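Me: I would like to learn how to read the features of a protein model. Can we go through one together, a feature at a time?

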Amino acid sequence: MPERILIPILACALWACSPTAQPDRNDDPTRFTREASWHFGVQSNRLDVPERFRAYIEVDNHSAHDLPSGKGDWAWYFHSIRRIDTVQDHGITLEHVQGDLHRITPTSDFPGLAPGDQLRIDFEAAPWIVSYSDWMPRAYMVQGGSEPAIFANTDSERFEDFVHPLKSPEQQLRNFEGGDHEPIATAARRFEAHTGEAPLLTDTEVSQRIIPSPAETILGQDQAVLGPDWRMDVQGAVSREGDYLAAQLEDLLGHPLTGSDSANSIVVEMDPHLDGPGPEGYRLVVETDRIVITGHDEAGTYYGIQTLLALLPAAPQNVVEIPTLEVIDKPRFQWRGMHYDMARNFHGLDVTLRLIEQMGRYKLNRLHLHLTDDEGWRLEIPGLPELTDVGARRCHDLQERECLLTQLGTGPHPSGTGNGYYSRDDFIRILRHAAAHHIEVIPEIDMPGHARAAIKAMEARQHRLEAQGKTGEARRFLLSEPGDDSVYRSIQHYDDNSINVCLDSTYAFVDKVLYELQAMYREAGLQLDVFHMGGDEVASGSWEKAPACQQLIADPVNGLSGIDDLMPYFIDRVASITNQRGLALAIWEDGLMYDEHHAYPRQRFDHDRVIVNPWNNIWEFGHGDRAHQFANDGYEVVQSAATHLYFDHPQEAHPAERGYYWATRYTDTGDVFFYRPDHYFSNAERTRDGRSIVDLEAMLGRAMTPLKEPDNILGIQGQVWSETIRTADQLEQMVYPRLLALAERAWHRASWEPDRQSSSAHRDWLGFAQRLAQVEIPRLVGAGIAPYLPVPGGLHKNDALHASAAWPGLQVEFSLDAGETWSPYTEPVPDPPVNALLRTRTASGVTSRTTTVQRHP
């Protein structure tokens with residue numbers, strides 16, 4: 001319940017309430033928002049009703065300007081990922097607008113907010129708020145006809161500027177019926193969890209621990225000394241790959257290779273008859289005077305080059321030593337993918353190009369671009385300018401003629417974070433850049449749900465053309481229908497995000513977008529082979545009162561018996577369009593489910609290939625065997641398990657970690673490393689409330705579906721969804737280094753699988769982690785990426801400060817002056833007089849979050 005609390009604020013005591021301070025009723029909201037403050041806070045996640053929480057909003061009027069009593073012409077807007085039901089009390093109304101956008105307006109009973117006063121609004125919602133990133137920045141105010149104004153303290157990516165601390169168990173733990181069994185990470189818990197072992201590998205062994213691991217490596221006894229006096233011999237069929245290697249070596253050595261015909265040589269070649277490795281495989285031989293990279297195909301040659309580069313130091317130097325060796329290697333899976341959602345928040349072209357480069361370096365070969373969603377359309381489509389003029393921008397336009405409603409902390413201005421799109425030229429550049437790194441780009445246009453940006457853009461197009469008198473053209477690509485009073489709500493709280501599947505204009509739109517996509521691939525010198533149509537999370541109730549759908553169902557010629565037949569009808573029509581265009585069809589798992597337990601028969605599709613991404617493996621929900629069911633039914637399966645392969649989950653169970661946590665409380669780099677694709681149910685280790693799963697079948701009360709058609713498992717794919725990720729830096733913190741662990745499992749089948757508890761698994765992880773700390777993290781930093789570093793552990797025992805790192809070889813630092821100065825931790829610090837701060841740090845200056853070790857725990 002909201003309450004008006006009169007609290008003397010320090011600023012008021014000093015000046016704002018002095019006799020000379022006069023209330024200012026100017027309708028410019030910036031006079032209020034630049035000095036007033038807005039804060040979110042959580043009271044408790046442990047209410048009597050499971051999966052509900054109580055929270056509050058506090059607005060402190062530090063300014064000299066009052067908000068007058070009564071029903072004024074102002075409103076406050078804010079973002080909450082938890083939908084808040086309407087609150088009416090103490091003179092305000094709090095209501096949900098759309099998605100995460102909410103509004104607070106005064107009623108005639110509003111008592112006013114004078115300088116020095118505080119307004120606090122309490123509310124309940126579901127299910128939990130246990131992470132700072134659940135709260136979005138950029139609350140703002142509108143008043144009269146003035147421009148919206150952001151509360152200054154919320155115009156920030158620092159959660160501490162606008163979110164009150166989450167410290168108590170009531171604030172940090174979720175209220176499942178049986179309690180939250182996932183303890184919050186603390187310095188002491190991390191210390192106990194870390195192995196405490198010294199680095200496992202010598203520096204030489206670290207330099208040879210390639211990520212991802214090759215299938216077979218035979219080490220020699222000598223060294224090749226590589227310098228600019230070597231030469232390159234490149235077979236014409238792989239000249240592009242040779243040019244790439246030459247450029248990489250020039251960057252490392254500082255000079256191009258200029259050796260004469262008699263000099264030591266690097267041979268780059270392709271041999272499709274190469275013994276052993278198949279497609280994408282290679283053989284690398286390093287001798288003292290000759291290096292030979294032989295690929296089965298162009299991709300194999302490129303991957304052989306990457307293995308050679310992995311043996312070289314990250315820092316430039318004139319001459320480098322490489323061990324003599326022979327590597328024979330090939331990939332575990334043909335599909336080694338990374339999914340990137342820039343639809344929720346757009347992060348720019350450069351971060352996408354960097355992602356492609358790192359995917360290529362670690363031998364990943366499919367980039368699944370989630371180009372559209374409710375919150376944004378991110379690709380220019382010629383002939384449909386509103387898709388990006390309107391659909392790629394969020395701002396305060398309640399009519400949504402100039403932009404979409406603001407969401408996800410963008411704020412009220414088109415210049416806000418998360419806005420933007422790839423131009424047609426940008427996308428062609430992405431395609432070419434990906435092809436140069438042997439990566440296939442899979443474009444996704446999400447529909448019929450998750451399509452609000454497209455729907456609103458086409459409505460804006462309709463209004464523009466109708467104003468020009470072009471009524472027929474205005475409706476040509478319309479995705480919604482006047483008079484559709486269907487009532488539904490999507491999982492992200494939209495009630496207008498489902499494309500009307502009964503309109504012919506919908507399919508004209510689909511065909512137009514596919515035509516333009518194929519044209520972009522052609523201009524890039526490529527062919528679009530796979531189109532991803534999304535198909536996920538379509539809200540129940542969509543189309544129930546759509547006139548066109550009622551008419552479609554009423555006509556017996558269409559063979560539709562009711563609303564439940566409309567989703568398969570849509571799938572069939574989109575499948576027909578893609579098939580006519582020669583495209584394989586990809587879809588998220590729920591798009592292929594007729595109901596909770598039954599998928600559409602594979603023979604429903606005429607396509608040679610239908611690819612499905614099974615993601616919903618929350619084990620206790622009972623759908624974790626769909627990956628096997630789809631494969632057994634003849635679908636091609638890309639494992640996309642949310643519990644291990646969603647990189648938008650937090651990296652540890654702590655409020656300061658960014659990300660949603662609906663499938664699991666956290667997914668760290670080790671969880672990704674220990675994912676076992678060939679033993680799918682071995683990954684059922686814990687429920688989302690943190691309980692250990694001892695016997696999955698006993699927990700579910702049924703047998704899990706065995707895999708009968710393993711050849712239909714194409715591979716695995718990591719996912720990053722960007723609701724809480726507004727900047728490029730935030731994106732890369734979430735992706736790296738988890739992407740490297742993904743690459744390890746996608747390329748290499750470890751001998752210890754599936755027993756992650758074995759000593760060999762433990763050694764493999766320690767070697768991988770040490771390579772991360774000492775080689776790969778510096779290499780990522782050198783590429784302009786600031787990756788995530790795990791927070792160290794620490795505790796006081798035996799009158800000394802002890803610290804530990806999650807990865808062997810990762811440097812820990814400590815501070816005894818509240819972070820003013822830092823020192824490397826090398827041994828226990830005797831009897832520190834104060835609380836200590838700990839962090840991990842790279843030599844280049846990238847640091848982790850800090851953690852506090854209490855002097856007297």
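**Burial, cores, sheets and pockets**

Reply: Start with helix 21 (residues 738–747), which is mostly covered: 10 of its 10 residues are buried. Buried means under 20% relative accessible area, exposed means over 50%, and partly exposed lies in between, with a 1.4 Å probe and protein chains only. Helices (H or I, at least four residues) and strands (E, at least two) are DSSP runs, numbered from the N terminus. This is a predicted model, where local features need pLDDT of at least 70, side-chain atom pairs count only at pLDDT 80 or more, and totals for chains, interfaces and linings use all residues. Residues are numbered from 1 along each chain as its sequence is written, and side-chain values use heavy atoms, with hydrogens and water left out.

Me: Which residues of helix 21 are buried?

Reply: They include charged names such as Arg738, Glu744 and Arg745. Leu739, Leu740 and Trp747 are also among them. For classes, Ala, Val, Leu, Ile, Met, Phe, Trp, Tyr, Cys and Pro count as nonpolar, Asp, Glu, Lys and Arg as charged, and the others, Gly among them, as polar.

Me: How do I read a nonpolar core?

Reply: In soluble globular proteins, nonpolar side chains tend to be buried together. A nonpolar core is a set of buried Ala, Val, Leu, Ile, Met, Phe, Trp, Tyr and Cys residues joined through side-chain atoms within 4.5 Å. Here the largest one has 143 residues, and Tyr340, Trp377, Phe427, Phe509 and Leu739 have the most contacts inside it. Helix 22 (residues 759–782) gives the most to this core, with 10 residues. A second, separate core has 34 residues, including Phe32 and Trp74.

Me: What is Phe427 in contact with?

Reply: Contact means heavy atoms within 4.5 Å. Leaving aside neighbours within four places in sequence, Phe427 is in contact with Leu369, Leu371, Leu379, Tyr422, Val441, Leu517, Met520 and Tyr521.

Me: Is Arg424 buried or exposed?

Reply: Arg424 counts as buried, at 17% relative accessibility. It lies in helix 10 (residues 424–436). Beyond four places in sequence, Arg424 touches Glu380, Pro382, Ala519, Met520 and Glu523.

Me: How do I read a sheet?

Reply: Look at strand order and pairing. Two strands pair if DSSP finds at least two bridges between them. Six strands form an open sheet in the order 5-6-7-4-9-10, with antiparallel pairing. Strand 5 (87–89) and strand 10 (149–150) stand at the edges, each with a single partner strand, so one side of each is left without a neighbour in the sheet. Four bridges join strand 4 (residues 74–79) to strand 7 (residues 101–106). Phe78 has His102 in strand 7 as its bridge partner.

Me: What about strand 2 and strand 3?

Reply: Strand 2 pairs with strand 3 (residues 53–60) in the antiparallel sense over seven bridges. Ser44 stands opposite Arg54 in strand 3. Seven of the eight residues of strand 2 (residues 37–44) are buried, so it is largely enclosed by the rest of the structure. Glu51 lies in the loop between these two strands. Its phi is near 60°, a positive value in a residue other than glycine. Glu51 is partly exposed, with a relative accessible area of 31%.

Me: How do cavities and pockets differ?

Reply: On a 1 Å grid over the protein atoms alone, a cavity is a set of points where a 1.4 Å probe fits but cannot get out, while a pocket is an open set with protein on both sides within 12 Å along at least five of seven lines; lining residues have an atom within 4 Å of a point. Grid points are joined across faces, edges and corners, and a volume is the space filled by probe spheres set on the points. The structure holds five cavities of 30 Å³ or more. About 100 Å³ lies in the largest cavity. Its lining divides into two nonpolar, five polar and four charged residues.

Me: What is the volume of the second largest pocket?

Reply: About 1,400 Å³. Of its 45 lining residues, Tyr132, His654, Ala656, Arg849 and Thr850 are the closest to its centre. By class, the lining has 20 nonpolar, 15 polar and 10 charged residues.
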